[in-house]
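Visitor: I am new to this structure. Please pick one part and take a close look at it with me. Then show me what lies around it.

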Amino acid sequence: SYGRATHRCTVNPAREMSDNPYFKKPPVQHFKAIHQQDVPRLITQLSVRGEEQKLSMQVICGLLMAIYTGMRDTSIRGAQWKEIDFDSKVWTVPGARMKSRRDHQVPLPKQALDALEELKALTYIDANSFVFASRSKQGYLSENTFRVALHRLGHKVTVHGMRNLITDVLNEGEWNPDWIEKQLDHQEKNQVRAAYLRTKFLPQREQMMQWFADWCDGKTGEISSDNVVGLRVNN
């Protein structure tokens, strides 16, 4: 009406939503893993006994199990003594405490067995007793106990981050990726490969995790992925 074209202002709802910080997805929070160079110091801190030790034996052993096995917090805290087979050096975690909902066999290196033997004198009553018994309502260590303990020792990391540590160190050590994935109970997404990877690789994982435990203690692993029992699995 004023001799010039009028332009309608069009609004793109999708554009407005994407620009609005309210609708933006929060950044992915990765579990913070302990630095490799800090592992020997943590192991030394957990080896302290007597009045100088800030943590209970239940917490010490629980943290060592997280380091030496890579199992999740929930799988560890609810463990019962009947799950631990000292003769075969295997811990069988029931599917009810596994993310995959499947029973999972975990090889126990010598260092983990030594810690469990020390703890057994304190918490073993019968086979159904909780390994990491406490006075909490559920009868075992509460959620976040391990994280708080790590922070108390000066390590601002998460227990779940131990799984990242294991993955990094074992891959750098050129261990078979299938054994690493099986140790951490990761599910194979490729259905074809999954059909061929039903084996538990238990003998191979036993040697692999002993090598890793020795690495944590600052020792040189005498076993390499080239002389492990059994055939390597092609990727």
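Guide: Start in the loop between helix 8 and helix 9 (191-196), for that is the place of Asp185. Keep in mind that this is a predicted model. Asp185 is not a glycine, yet its phi is positive, at about 60°. Most residues other than glycine have a negative phi. Is Asp185 buried or exposed? Asp185 has a relative accessible area of 8%. Buried means under 20%, so Asp185 is buried.

Now step back along the chain to Glu174. Glu174 sits in the loop between helix 7 (161-172) and helix 8 (177-183). Its phi is also positive, near 65°, and Glu174 is a residue other than glycine. What about its surroundings? Glu174 has 58% relative accessibility. The cut-off for exposed is over 50%, so Glu174 counts as exposed. Asp185 is buried, whereas Glu174 is exposed.

The chain has 235 residues, and buried residues make up 41% of them. Its secondary structure comes to 10 helices and three strands. What is the order of the elements from the N terminus on? The run is α-α-α-α-β-β-β-α-α-α-α-α-α. Take the contacts between residues at least 6 apart in sequence: 67% of them join residues at least 24 apart.

The three strands form an open sheet in the order 1-2-3, with antiparallel pairing. Strand 1 (84-85) and strand 3 (104-107) are the edges. Each has a single partner strand, so one side of each is left without a neighbour in the sheet. Strand 2 (residues 90-93) runs antiparallel to strand 3, and four bridges join them. Look for Trp91 here: it stands opposite Val106 in strand 3. A helix packs on this sheet too. It is helix 10 (residues 202-216), and it touches strand 2 and strand 3. The direction of helix 10 makes about 40° with that of strand 3.

Now the helix pairs. Begin with helix 2 (residues 39-46) and helix 3. Their axes come within 10 Å and cross at roughly 150°. An angle over 145 degrees counts as roughly antiparallel, so helix 2 and helix 3 are roughly antiparallel to each other. Their crossing is left-handed. Which residues meet there? From helix 2 come Leu42, Ile43 and Leu46. From helix 3 come Ile60, Leu63, Leu64, Ile67 and Tyr68. This contact has eight nonpolar residues, no polar and no charged.

Helix 3 (residues 57-69) also packs with helix 5 (residues 110-123). Here the angle is about 155°, and the axes are 10 Å apart. Helix 3 and helix 5 are therefore roughly antiparallel to each other. Helix 3 passes helix 5 in a left-handed crossing. On the helix 3 side, the residues are Met57, Gln58, Cys61, Leu64, Met65 and Tyr68. They meet Gln111, Ala112, Ala115, Leu116, Glu118, Leu119, Leu122 and Thr123 in helix 5. The residues of this contact divide into 10 nonpolar, three polar and one charged.

To finish, return to Asp185. Find the loop between helix 8 and helix 9 again.

Notes: Residues numbered from 1 in each chain as written. Predicted model: local features only at pLDDT ≥ 70, side-chain atom pairs only at ≥ 80, totals over all residues. Heavy atoms only, no water. Pairing = 2+ DSSP bridges. Helix = DSSP H or I, 4+ residues; strand = E, 2+ residues; numbered from the N terminus. Contact = heavy atoms within 4.5 Å. Axes fitted to C-alpha atoms, helices over the stretch in contact; angles between N-to-C directions. Parallel < 35°, antiparallel > 145°, perpendicular 65-115°, else oblique. Left-handed = near helix turned anticlockwise from the far one by under 90°. Nonpolar A, V, L, I, M, F, W, Y, C, P; charged D, E, K, R; others polar. Buried < 20%, exposed > 50% of the residue type's maximum accessible area, 1.4 Å probe, protein only.
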